[in-house]
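Here is a short briefing to read beside the sequence and the 3D view. Keep both open as you go.

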Amino acid sequence: MSTETVNTDIKMRELMVREALNEALCEELARDERVFIMGEGIAQRGGSYKVTVGLLDKFGPKRIIDTPISEASFTGMCVGAAITGMRPVVEILFIDFTSLIIDQIVNQAAKYRFMSGGKGRVPMVLRTQGGSGNGLAAQHSQSLEAWYYHTPGLKVVMPSTSYDAKGLLKSAIRDEDPVVFIEHKLLYMDKGPVPDTDYTIELGAGDIKRPGNDITLVAWSGMVKRTLAAAEELSAQGIDAEVIDPRSLVPLDKEMILSSVRKTEHLIIIQEAIRRGGVASDIASIVQEEAFDYLDAPIKILAGKNTPIPFNVNLEKACVPRQEDIMRAVKEILNT
Amino acid sequence: MKAYSREFLEQLYRTLYTIRVFETECIKLYRQGLIIGYFHPYLGEEAVATGACAALREDDYIVSTHRGHGHCIARGGQLNKMVAEVLGRETGYCKGRGGSMHIADIATGNIGANGIVGGGLPIGVGVAMGVHVRGSDQVTIIFFSDGACNNGVFAESLNLAAIWNLPVVFMLENNQYAVSSPVEEMSRVPDLYKRGEGYGVEAHQVDGNDVLAVYEKTCEAVDTCRLGKGPVLLEAKTYRHSGHHVNDPGTYMPKERLEYYRARDPIKIARNNLIEHARCTDQDIEAIEQHINQQMEKAIEFGKNSAQPSVEAFLEEIETN
């Protein structure tokens, strides 16, 4: 379910998230010759998760560029190219590796517009991928959106479906400011309907993935699917949960969350990232400040455990909120 | 020496002297408490920016450093806006949001100064990548220092520019100190241009206090880049006349070496060029200097009389961040 109105004449196709992302890149490359892509193994190999497959053949080596393992500098290159009018998209294979580019993103890209008194802009997209779930262990499984959420000057987008992935990526490329676009490694093969047409999704517009009246569940990226599954099962037990996916964390669709909470009077926020200093805590603080009188129960946060992600599959699973954790928390909050 | 027109030699001198006056006068403002924060003077290094920027076309680019006032002036920056910016005023280049370390003048192709040592290197290579993708022949000069050479992005950036033959002149201003650490202690090979060879990058060393030497080498490097045979690494050997920033007395700088470089002051060298090769008299030169002194006085007046940024407007501006 989506808040966007989709013309019924338009043909819908079932696309994997990675195919939807590929279409977005393809369309934007064709639409705007200032767009180019850099990253490790993205051209000839088509990317580790196959998001950039076929782009080299269509757009050539000048615009689809394989780089050495020099993350800090090829990310910085995108900053420089963006300042001078290009629209680069850089891929960093794992969000864990963005520790290598943090100066260029946090000190350069995020601040240039501000430091130049608004005269310079950095219209670049950092595409990266995070999350746990397939045994990639501590340095390839992190959920680090809070690092970028915390930095003024960046937008942070985290799609959960094929439809959202395509529309949001197109908007990110067209945006005048740097966007950190975080994909989830477990979602690339998920299929979903995507219209056969040019559409964009506004950054900062959340989506009610499931309407409901009893409790508001806010989740993004990999947690949306799990939260929706929990909501479906709860529905069979007579609990009507509303599931909100903010889709972009910066800007955040605060109003959508607040108006849902005013209706349901209960809120649980589910994030894969560890709790300490996380986005969920910030959303909770916003809601308690702005809708305290509507709340019937304390806001609950379900978050990743405070640990590096372990390799062992059972230990790994124990580190992030599971469907049963969500269901248990809902019942606890609703006292049912 | 090659034959140069009097007009050209005067132009170089004007730029050098303007940088000298800007830095000298701003240090006074700093001592008076009117400029706060970090202020890194370019005193003693003026010939590098002046010679290098003189070799560029109007549509070319430069990327600067935390010691960036000289680059901005040499690229045609306006004193009014520079003074206003270092005073933190609304009329400054960055409306007082940037300050000394972040002056950018996109209109003159100056992508800007940078508070991070080495931070501008990849940005400059990316400017050149944009040029490459657009199929244009603009050249980018990246100014950086001996200190930045020991940051990882130097190695990465040199290699990236090399594998794609990008039109970049890496202008290494070897002022022989990374903040306070002498270059010969921080790297085993203090002739840093030699690092180019390992990356397959054409590299040369040049006297960074001789504006014409810098100009000539940069012209060659720029030509090489325009022909699609870049990048080129140039090491301009020079020396600061003072510490790292205004409040650093530079006690670690050996007296004899400082004296040696002060005797080879880039302003003196350029002045001699005017007298020996352009038949300028002392009075001619004084007239040039007088004019610049007046411009600087006016710029300081402009800066001092400019409004502080409005806090209310600022808070409104960041409301939607």
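**Core, chain contacts and one tyrosine**

The largest nonpolar core holds 186 residues. Within this core, the residues with the most contacts are A:Val156, B:Val169, B:Met171, B:Leu172 and B:Leu234. Keep in mind that this is a predicted model.

**The core**

- α1(B) gives the most to this core, with 9 residues.
- Domain 1 (12-195) and domain 2 (207-334) of chain A both supply residues, so the core lies between them.
- Look at B:Met171, one of the residues with the most contacts inside the core. Leaving aside neighbours within four places in sequence, B:Met171 is in contact with B:Val48, B:Ala52, B:Ile141, B:Ile142, B:Phe143, B:Leu234 and B:Ala236.

**Where the chains meet**

- On chain A, 29 residues are in contact with 29 residues of chain B.
- Two or more residues on the chain A side come from each of α3 (71-83) and α4 (102-115) of chain A.
- α3(A) gives the most to that side, with 10 residues.
- By class, the side of chain A that touches chain B has 13 nonpolar, 12 polar and 4 charged residues.

**B:Tyr4**

- B:Tyr4 sits in the segment before α1 (6-31) of chain B.
- Not counting residues up to four places away in sequence, B:Tyr4 touches B:Leu9 and B:His277.
- B:Tyr4 and B:Leu212 are 208 residues apart in sequence, and their C-alpha atoms are 9.7 Å apart in space.

Conventions
Residues numbered from 1 in each chain as written. Chains lettered and ligands numbered in written order. Predicted model: local features only at pLDDT ≥ 70, side-chain atom pairs only at ≥ 80, totals over all residues. Helix = DSSP H or I, 4+ residues; strand = E, 2+ residues; numbered from the N terminus. Contact = placed C-beta atoms within 7 Å. Core = buried A, V, L, I, M, F, W, Y, C linked by C-beta atoms within 7 Å. Buried ≥ 20, exposed ≤ 12 C-beta atoms within 10 Å, placed from the backbone. Domains from an automatic or database assignment. Nonpolar A, V, L, I, M, F, W, Y, C, P; charged D, E, K, R; others polar.
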